[in-house]
Amino acid sequence: MRCFIASRPKVRRPHAQHSPRSRARSPSSPALLRRPRDVARFFHATLTPLVHEEVWLAALDAHDRVRGARMVCRGGLLGGSVRAPDVLRAAIELGAVAFVLAHNHPGGDPAPSDDDVELTREIEHAAHLIGVPLQDHVILTPAGRFASVFRAGSSR
């Protein structure tokens, strides 16, 4: 089946002083998450003060803007248990075109554990099958340090 987009009638608008590209992003506009640093900044206030692990998902639109975020797992002092179906359900419910994951390591080491790598691979594979790709998985520490599971060369 083919989808067609009907063209809208043209409406004359007064000229803006600045082009949309040069206009500063307003505080209410959605965050862009294109790099691990962007993901770390987005989740910093949520994850860095915690003494237990939490895994969060940010659903992205086609332009890598955040559509919504949701906690998908809360663990104890030594970690948590998250399953790929739970993550994918959250991504779909938030209307994600793609998504990123973030979680914290309260112990202070941002390096991905073997479990982090295994979980990321499992979720990445399942996400690929349903056509909602996992863009990154970033680990944050209380000191604000972060690491990407993908960029660490462990997952991709």
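User: Is R34 buried or exposed in this model?
Analyst: Keep in mind that this is a predicted model. A residue counts as exposed when its relative accessible area is over 50%. R34 has a relative accessible area of 53%, so R34 is exposed.

User: Which residue forms a salt bridge with R34, and how far apart are the closest N and O atoms?
Analyst: Side chains of opposite charge can pair when their charged atoms come close. For a salt bridge the cut-off is 4 Å. The partner of R34 is D64, and their closest N and O atoms are 3.6 Å apart.

User: How many residues apart in sequence are the parts that D64 and R34 tie together?
Analyst: Look at where the two sit: D64 is in the loop between β1 and β2, while R34 is in the segment before α1. D64 is buried, with a relative accessible area of 17%. The pair therefore ties together parts that lie 30 residues apart in sequence.

User: What is the phi of D64, in the turn of the hairpin?
Analyst: Strands β1 and β2 make a hairpin, with five residues between them. D64 sits in that turn. Its phi is positive, at about 65°.

User: How many bridges join β1 to β2?
Analyst: Strand β2 covers residues 66-74, and β1 and β2 run antiparallel. As one example of who faces whom, L60 stands opposite V66 in β2. The number of bridges joining β1 to β2 is seven.

User: Which residue in β3 is the bridge partner of L57?
Analyst: β1 also pairs with strand β3, residues 98-104. Six bridges join β1 and β3, and they run antiparallel. Within β3, the bridge partner of L57 is L101.

User: Which residue forms a salt bridge with E54?
Analyst: E54 is buried, at 5% relative accessibility. E54 lies in strand β1 and the partner in strand β2, so the pair ties together parts that are 20 residues apart in sequence. The closest N and O atoms are 3.0 Å apart, and the partner is R74.

User: What distance separates the side chain of N104 from the backbone nitrogen of E54?
Analyst: N104 lies in strand β3, and at 1% relative accessibility N104 counts as buried. The side chain of N104 reaches the backbone oxygen of H52 at 2.8 Å. The side chain of N104 also reaches the backbone nitrogen of E54, at 2.7 Å.

User: How many aromatic pairs does the structure hold, and what kind is the pair of F42 and F43?
Analyst: The structure holds two aromatic pairs. A pair of aromatic rings is described by the distance of the centres and the angle of the planes. For F42 and F43, the centres are 4.9 Å apart and the planes stand at 90°, so the pair is edge-to-face.

User: What kind of pair do the rings of F43 and W56 make?
Analyst: F43 is in helix α1 and W56 in strand β1, 13 residues apart. Both F43 and W56 are buried. Their ring centres are 6.3 Å apart and their planes are at 55°, so the pair is tilted.

User: Which residues form the aromatic cluster?
Analyst: F42 counts as partly exposed, at 32% relative accessibility. F43 counts as buried, at 2%. The one cluster is made up of F42, F43 and W56.

User: How many salt bridges does a search of the whole structure find?
Analyst: One of them joins R35 and D38, with the closest N and O atoms 3.3 Å apart. R35 is partly exposed, with a relative accessible area of 44%, whereas D38 is buried, at 15%. The search of the whole structure finds seven.

User: What accessible area do I92, L129 and I130 have together?
Analyst: L129 is in helix α3, residues 114-130. L129 is exposed, with a relative accessible area of 61%. I92, L129 and I130 form a nonpolar patch on the surface, and together their accessible area is about 310 Å².

Technical notes
Residues are numbered from 1 along each chain as its sequence is written. This is a predicted model: local features need pLDDT of at least 70, side-chain atom pairs count only at pLDDT 80 or more; totals for chains, interfaces and linings use all residues. Side-chain values use heavy atoms; hydrogens and water are left out. Patches are made of residues with over 30% relative accessible area and no salt bridge: like charges are joined within 9 Å, nonpolar side chains (Val, Leu, Ile, Met, Phe, Trp, Tyr) within 5 Å. Accessible areas come from the Shrake-Rupley method with a 1.4 Å probe; for residues, only the protein chains shown count as cover. A salt bridge is a side-chain nitrogen of Lys or Arg within 4 Å of a carboxyl oxygen of Asp or Glu. Helices (H or I, at least four residues) and strands (E, at least two) are DSSP runs, numbered from the N terminus. Buried means under 20% relative accessible area, exposed over 50%, partly exposed in between (1.4 Å probe, protein chains only). Rings of Phe, Tyr and Trp (its six-membered ring) pair if their centres lie within 6.5 Å; planes under 30 degrees apart count as stacked, over 60 as edge-to-face and the rest as tilted. Two strands pair if DSSP finds at least two bridges between them. A polar contact is a pair of N or O atoms within 3.5 Å; within protein, one must be able to donate a hydrogen and the other to accept it, and residues adjacent in sequence count only if both atoms are side-chain atoms.
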